[in-house]
Amino acid sequence: MKKIIAIILSLIMLFTLLPLAAASQRDEDLTVSYRTVKIAVDGKLSSPRDASGNIIEPFIYEGTTYLPVRGISSALGLKVDFDSSTNTVVITKGVYTDSEYVAPVKTDDAKITASYRDVKITVGGIEVTPKDAAGNDIEPFIYEGTTYLPVRGISAALGREVSFDTADNTVYVGLQPVENKYSLTSPAPSNSSQLVLVNNEHGRFVARISISRLIESSAAEDLIYQASPNNKPLEQSRKYGLVSLTITIIDSADKAPVKINSDLFKIYTSNNKEYTFPRVTNPRPTIDATLMVGQSVTGYYAYVVPFNERYPKLSFGEWEGGHAAYLKLYNG
């Protein structure tokens, strides 16, 4: 109920609650531009699709990027219906779904016939009027059976930040991209911090992670053994390591709580191979926590590496394409 109220309040602030003055029902020939515009939702590239599942590339008309309403809704985790008796697009809460991304390829200008049918839009039962970046009303239109809306207008209606990066020709909806110059082959020094955007099965959020302390050898073993009787001495070919971390949630999709636990971490060896090991019970204070935006946790994460491994690496929040925070688990 609180989320519904918040959406309604954002709509009141961003949109005129009165519908557009009765528009004439007409067809217009428009010249639109395809410029291989990409759409990233919460940091993940998304390919808008029509009702039949066909990919529809975004196009630009008079400075505004347009998407099919179904493509917008699926990317933002919404459900869309169309009431043909009143020409109303009905947008309601849905379920976030993922689909294969296909890069846009069109680069030409095209003539299309846009059908204006005084289409109305309701979001959560409230009629809204979409607006462009300058705050002007934009009338939705129908092209080849699909209703088109401006991506900025409908995204703003749901309280999601929208930006356009001209450098990579991408519209970012929701969580915004963060700069991260480190990688698995070039991890961050252990005394530095990193911003990372995470979009995987553990959630969609932006976090800052830093290492406050590295503990090795007998000092690490003492704390790990004390944490649980299940933490047993290792065979001579392996050794324990322990790191104290601080994680702060900067933002999250829908401002949802973020669950931090050991599943978000991976250990890599110096030759960039993931090293798997049985779960180790972390000493207290642990990094296990459920955090809201702005909250932090500082705690221990215990791991295992080969005994002769001198340069292990830690990844946090890894997802497709190698996106993650990567840190050295050694000094230097």
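A: Two strands pair if DSSP finds at least two bridges between them; strands (E, at least two residues) and helices (H or I, at least four) are DSSP runs, numbered from the N terminus. The model is predicted, so local features need pLDDT of at least 70 and side-chain atom pairs pLDDT 80 or more, while totals for chains, interfaces and linings use all residues. Residues are numbered from 1 along each chain as its sequence is written, and side-chain values use heavy atoms, without hydrogens and water.

Four strands form an open sheet in the order E15-E16-E17-E21, paired antiparallel. E15 and E21 (296-306) each have a single partner, so one side of each lacks a neighbour in the sheet. Neighbouring strands are turned by 40° against each other on average, direction ignored; axes are lines fitted to C-alpha atoms, for helices over the stretch in contact, with angles from 0 to 180 degrees between N-to-C directions.

Between E16 (203-215) and E17 (238-252) there are 10 bridges. Valine 206 has aspartate 251 of E17 as its bridge partner. Helix H4 (217-227) lies across E16, E17 and E21, at about 70° to E17.

The loop between E14 (170-173) and E15 (193-200) holds threonine 185. Threonine 185 is exposed, at 62% relative accessible area (exposed is over 50%, buried under 20%, partly exposed in between; 1.4 Å probe, protein chains only). Beyond its neighbours within four places in sequence, threonine 185 contacts Asn272 and Lys313, contact meaning heavy atoms within 4.5 Å. Its C-alpha atom is 8.8 Å from that of serine 270, 85 residues away along the chain.
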